[in-house]
Amino acid sequence: MIGRLNHRGLTPLLLALLVSAEVNAQGRGGAAPPSSPRQAAPTDLTGQWVAVISEDWRWRMVTPSKGDFPSIPLNLKGQELAEAWDPAKDEAAGEQCKAYGAPGVMRGPTRLRVSWLDDTTLKLETDYGMQTRLFRFGAGSPPAGPRTWQGVSRAEWVMTGTGRDGRRFGYMKSVTTNLRPGYLRKNGVPYSANAVFTELWDVHVEPNGTRYLVITNTVDDPTYLQSPWITALHFTAERDNSTWDPTPCDARF
Amino acid sequence: MRRTVLGFGLRALGFGLWGLGFGLCAAPAMAQTELTGTYMPVMHEDYIERGPGSFLGDFTGMPLTDEGRAKALLYTSNLPSLYERQCLAQSAGVFQYRPVAFRIWKEFDLDGRVIAWVLGGDHLRGDIRVWMDGRPHPSINAQHVEGGFATGVWEGDTLTARLTHLKMAWIRRGVGIPASDLTTITLHVTRRGDLLTVTSIQEDPYYLTEPHVVSRVYQLAPRATDQTRQACNTANEIPTLEDTGEVPHYFPGRNPEEDYMVRTFNLPKEAAMGYAETLYPEYRKKLKGLYTPPAACSERAPGYCCGWIERQGLPGGAPNLTCNDGGFADLGPRGRRRTSSER
């Protein structure tokens, strides 16, 4: 129920609640409430993050064989398409970025750079495939346009509490739609244009200062999946930005 | 060794102070979440490893020390079949690699305050009892148990637990990757609706060069029966070992599966041997030119790779999407699936 309430994209309401909580916490005459999603952020997602490929290594670090798709609840139609994967055909069609759409690239061996584009838009860049995704906060209409690899991502902060020291807790929830059909896995495991990609973004800070970004993902795609594909990814924060190494899409490796 | 034990002691002390500090200063006033329930693993990651079991010699995704790698390569899957090893508890962190549900419940003190959250229910491991009352971690000389000694705090709606005093155990299932009794584990347990995300961060001064991080998703299963810990009974699993006094193992450098991943998946040997550098994007670039994908699964022997597996006849598999999963279920060979027109 709590989760469902949080799934509504009611950013203004959340902000209002946040403002209310802030006022209550600060008492009369406290600091001004946050005026934008950027100010309201309960957790800091910005910075450079590197994927730690400690799970599904054989499917994420290298391109697996055609038909190697354990873990993904493909339906028959999805399996048939995966078994028909032909990277040469993708290259000829100029679609070598099919494995770099939002649900695919996030599982890749990539670094992420997250920054605020403006007060209501968070920008995510990947060096793997050189993709850019924008997370738009607020209830406005999504920008019209053709489907893209990164789709349209709506975002909201979900507040989960306030500490006695005034520290606020929460996470980002994003929902990405309007995706151009692509691959969940490099070897042609498909998702369709109907796919809805939901991500819950948490940051955990260890006592030694190490920061982990953990993203709980759900890919809903009734076209090719029997059930939602649910996974969790983890990244660690990097202080050294020199490791950023943009590489273009590659349909084969 | 002295430095390592000292390090463990300092870490345990640090965890204790961390818990105490959080308890006194930063405990969230209104951030806790109800975690009670039974959770089924969502097996959409590391399926082979969590279901039918790892390939021998597959240490991919692990940051092993040379000592850890050497010890893992001594392992044979006959080893846990010895009478005296059949009922050994598994690592507190191994539930992240098991295909079974687990249960979370809370315990109260006499005043009705939550004194501990408990993760338990799997008959092969001890409960993880996460003390929430700010008590310190015990002396380094205190007993080590299957579930370790854990203290926790709420960070928003995430329960964060630090585990020390764990027993020596294998980190992953079936491949012999070791953890020492000086290992520590941090758990971040976050429930969002029916989904529970558990991130485990395991450190080990002997066998890991850096923390081993795993993040898994579980799903609340309110209709599941309670997961009980049944008594473990031993049985003669390998008659040829009976009364021989032998401890199954491979000698150093003699493990015939050491290059299994090379033979089967065309990976360079070092890629599967658990070097930390293999966990990061740079390594993919290193593999370029060295790796070519093996032939398509349909052209390989049954059992090479499987699609979505129909789990023991339970709902979840699509028609005809069965394969030989290595014995996890009696499904028969994968074979060539009939196309729509053939049907």
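**Notebook: cores, barrel and contact**

I started with the nonpolar cores, and the largest has 91 residues. Inside that core, A:Leu213, A:Ile215, A:Phe235, B:Val130 and B:Leu163 have the most contacts. A reminder to myself that this is a predicted model.

Next I picked B:Val130 and looked up its partners. Leaving out residues up to four places away in sequence, B:Val130 touches B:Ala116, B:Trp117, B:Ala150, B:Thr151, B:Gly152, B:Leu159 and B:Ala161. Another core, of 20 residues, lies apart from the largest one; B:Ala72, B:Trp170, B:Ile171 and B:Val175 are among its members. I noted the general rule that nonpolar side chains tend to be buried together in soluble globular proteins.

Then chain B as a whole. I find six helices and 11 strands in chain B. Of its 343 residues, 42% count as buried. For contacts in chain B between residues at least 6 apart in sequence, I get 60% joining residues at least 24 apart.

The barrel came next. In chain B, nine strands close up in the order E1-E2-E3-E4-E5-E6-E9-E10-E11, with mixed pairing. I checked one pair, E6 (residues 158-164) and E9 (residues 184-192) of chain B: they run antiparallel and are joined by six bridges. B:Thr158 stands opposite B:Thr190 in E9(B).

Last, the contact between the chains. Chain A puts in 59 residues and chain B 58 residues. Which strand of chain A gives the most to the side that touches chain B? I found strand E11 (residues 229-238), with six residues. By class, I have 27 nonpolar, 19 polar and 13 charged residues on that side of chain A.

Notes: Residues numbered from 1 in each chain as written. Chains lettered and ligands numbered in written order. Predicted model: local features only at pLDDT ≥ 70, side-chain atom pairs only at ≥ 80, totals over all residues. Contact = placed C-beta atoms within 7 Å. Helix = DSSP H or I, 4+ residues; strand = E, 2+ residues; numbered from the N terminus. Nonpolar A, V, L, I, M, F, W, Y, C, P; charged D, E, K, R; others polar. Buried ≥ 20, exposed ≤ 12 C-beta atoms within 10 Å, placed from the backbone. Core = buried A, V, L, I, M, F, W, Y, C linked by C-beta atoms within 7 Å. Pairing = 2+ DSSP bridges.
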